[in-house]
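Q: Hey, can you walk me through this one? I'm new to reading structures.
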Amino acid sequence: MPKFRKKPVVIEALPVSAVVRGTELPSWAAAALECGEVRVEGDGLWVSTMEGKMRGESSAWLIRGVKGELYCCDAEIFARTYEAVGESPADISAPCNQVMEKLRVAIDNWDPGRSADVAGPADLGSAGL
């Protein structure tokens, strides 16, 4: 059977319990509550999704997907599937930018007459690769 891996996309999420409390919500969650796309009920909530209504228990997470769609995810599945990233895409790309800068320097300093003196992985420093 073919196997698949999730692509590394960045989503926004917050605990359902934070939505229920209603304090310090991001604009997308506040707007979803205001328009009725998300409705608090007891210690959980209901979300209108593309597949229909979905219940989110207090331990679950409310997710805003890559296309702005909202859905809930069980806390255990959320923990196995997602990890925290920086506040902005620049934070995510910082290690890549470090490697690219080191590669630019290596290319600028490369002398084809000195082919034995080629930068190797150790010359890339601690950029994470």
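Q: Where does leucine 103 sit?
A: Leucine 103 is in helix H4, residues 89-108. Helices are DSSP runs of at least four residues, numbered from the N terminus. Heads up: this is a predicted model, where local features need pLDDT of at least 70, side-chain atom pairs count only at pLDDT 80 or more, and totals for chains, interfaces and linings use all residues. Residues are numbered from 1 along each chain as its sequence is written, and side-chain values use heavy atoms, leaving out hydrogens and water.

Q: OK, and why does leucine 103 count as partly exposed?
A: Because its relative accessible area is 36%, and partly exposed lies between buried (under 20%) and exposed (over 50%), using a 1.4 Å probe and protein chains only.

Q: New topic: which strand holds lysine 53?
A: Lysine 53 belongs to strand E4, residues 52-56; a strand is a DSSP run of at least two residues.

Q: Is lysine 53 buried or exposed?
A: Exposed, with 59% relative accessibility.

Q: What does lysine 53 touch?
A: Leaving aside residues up to four places away in sequence, lysine 53 touches Trp46, Val47 and Ser48. Contact here means heavy atoms within 4.5 Å.

Q: Which side chain makes a polar contact with the one of lysine 53?
A: That of serine 48, at 3.1 Å. A polar contact is a pair of N or O atoms within 3.5 Å; within protein, one must be able to donate a hydrogen and the other to accept it, and residues adjacent in sequence count only if both atoms are side-chain atoms.

Q: How far is lysine 53 from glutamate 37?
A: They're 9.4 Å apart, C-alpha to C-alpha, and 16 residues apart in sequence.
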